[in-house]
Amino acid sequence: MPKIKSVNVGLIGAGRIGSFHGQSIARRLVDAELVAIADPAPGAAAKLAEALGVDAAYAEVSELLAHPGLDAVVIATPARCHTNVLVQAAEAGKAIFCEKPMALTLEDADRAIAAARSARVPLQVGFNRRWDQAFAEGRAAIDAGKIGAPQLIRSLTRDPGPFGADPDRIPQWTIFYETLIHDFDTLLWLNPGAKPVEVFAMADALLRPEAKEKGFLDTAVVNIRFDNGSVAVAEANFSALYGYDIRGEVFGSGGMVTMGDVRRSSMTLFDKDGVSNDTWRRDTDHFVQGYTAQLAAFVDAVRNGELKDAPTGVDARNALMIALASIESVSKNQPVLLS
Ligand SMILES: NC(=O)c1ccc[n+]([C@@H]2O[C@H](COP(=O)([O-])OP(=O)(O)OC[C@H]3O[C@@H](n4cnc5c(N)ncnc54)[C@H](O)[C@@H]3O)[C@@H](O)[C@H]2O)c1
């Protein structure tokens, strides 16, 4: 049997999640090869390249895009750089996997979508929750009509505590742009075809109250009304002391699905202190299967020339619309209608 040609992938951004995606491509995917890494931070690309046995390390994105035989890129730079790097990659004719958020404004989202369309390259966005087994099975049950029409929908992100980051280094509105953006996509995806019509958000700095006046927020709840009558809640907090807690729930006219479990496994310890379970502590442990599956699907899309059941640039724009409405709602302290 002829061996399938590997898809040659370049990684742009060798930070926390980029390093993990680099490992997934190099070690967990059988039909893709990590051929080059780019990062402007001195030594960052070379260090990761050495660890993963990759020959090419660049400081400039343009150098990586000129790497011979490159088919596709994975963009894992800070959020503010995503759109420009994405457009550059599309203009170079490369298939694109972009971490969320794809853009921070609707104008940039449109620019990214247009660039990928005009270059006719696949564009997939990193909404990895869709690939988690529980969430995928929840969506399949909804599609099969097992819970009837969705009425109440819920998605939450509680990052593992204790919160140790410097609030001054976290860009304003990160809780909406980078954290709850996952929940907004999940709510849209679990409510197929429905459009959000109204958003009301509340947010606060409960972990670092002194940072609130500089715009830092670590806790938020967003209520969303959809045009099919369903109502959703997204919530986030930056410090769950018991672990990395990601859950979803859809209650419908005929039943309910729940998704997500903070417990690491079904192993339960019974000892002198009682009954206990260990919990997930990092996204890269909890979602290792989902993160790998989303990249495997992307590699298939590169080979076939189109995405199949994967989050697109338009999905990223739809989630961003709710993030922007949430920001407006918090700023004005009132509900925001979406046209
Ligand atoms: N899907 C998820 O679950 C998930 C998890 C974590 C992070 N993310 C997203 O991934 C992105 C990166 O997050 P992170 O935590 O890895 O950040 P990070 O700061 O650890 O890494 C970013 C890296 O990009 C590099 N960089 C900056 N500008 C660049 C450019 N123009 N070209 C190439 N490299 C550049 C930096 O030097 C740094 O090494 C963010 O948008 C974040 O929201 C997604």
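This is a predicted model: local features need pLDDT of at least 70, side-chain atom pairs count only at pLDDT 80 or more; totals for chains, interfaces and linings use all residues.
Next, the domains. The domain assignment gives two: domain 1 covers 7-121, and domain 2 is made of 129-286 plus 318-337. Their C-alpha centres lie 27 Å apart. Where the two meet, eight residues of domain 1 are in contact with seven residues of domain 2. On the domain 1 side of that contact, seven residues are nonpolar, none is polar and one is charged.

You will find it in helix H5, residues 106-119. Is isoleucine 113 buried or exposed? It is buried, because 20 other C-beta atoms lie within 10 Å, and 20 or more is what the term requires. Setting aside residues up to four places away in sequence, isoleucine 113 touches Gly313, Val314 and Arg317. Arginine 130, on the other hand, is 17 residues from isoleucine 113 along the chain, and their C-alpha atoms are separated by 20 Å.

Now the sheet. Seven strands form an open sheet, and the order across it is S12-S11-S7-S10-S9-S8-S15, with mixed pairing. The edges are S12, at 255-259, and S15, at 336-337, each of which pairs on one side only.

Let me walk through some of the pairs. S7, residues 150-160, and S11, residues 245-252, are antiparallel and share eight bridges. In that pair, proline 150 stands opposite glycine 252. Helix H6, residues 133-143, lies across S7, S11 and S12, and it runs at about 165° to S12.

Further along the sheet, S8, residues 196-204, pairs with S9, residues 219-226, again antiparallel and over eight bridges. Methionine 202 stands opposite valine 221 of S9. S9 also pairs with S10, residues 231-240, in the antiparallel sense over seven bridges. Here isoleucine 224 faces alanine 232 in S10. How many residues lie between S9 and S10 in their hairpin? Four, and in that turn glycine 229 has a positive phi of about 90°.

A general point on strands, before the last residue. In a regular strand, side chains alternate between the two faces of the sheet.

Why does valine 222 count as buried? Because it has 27 C-beta neighbours inside 10 Å, and the cut-off is 20 or more. Apart from its neighbours within four places in sequence, valine 222 is in contact with Leu180, Val199, Ala201, Ala234 and Ser326. Glycine 274 is 52 residues away from valine 222 in sequence, and in space the two are 37 Å apart, C-alpha to C-alpha.

Notes. Residues are numbered from 1 along each chain as its sequence is written. Two strands pair if DSSP finds at least two bridges between them. Helices (H or I, at least four residues) and strands (E, at least two) are DSSP runs, numbered from the N terminus. Axes are lines fitted to C-alpha atoms, for helices over the stretch in contact, and angles run from 0 to 180 degrees between N-to-C directions. Domain bounds come from an automatic or database domain assignment. Ala, Val, Leu, Ile, Met, Phe, Trp, Tyr, Cys and Pro count as nonpolar, Asp, Glu, Lys and Arg as charged, and the others, Gly among them, as polar. A residue is buried if 20 or more other C-beta atoms lie within 10 Å of its own, exposed if 12 or fewer, and partly exposed in between; C-beta atoms are placed from the backbone.
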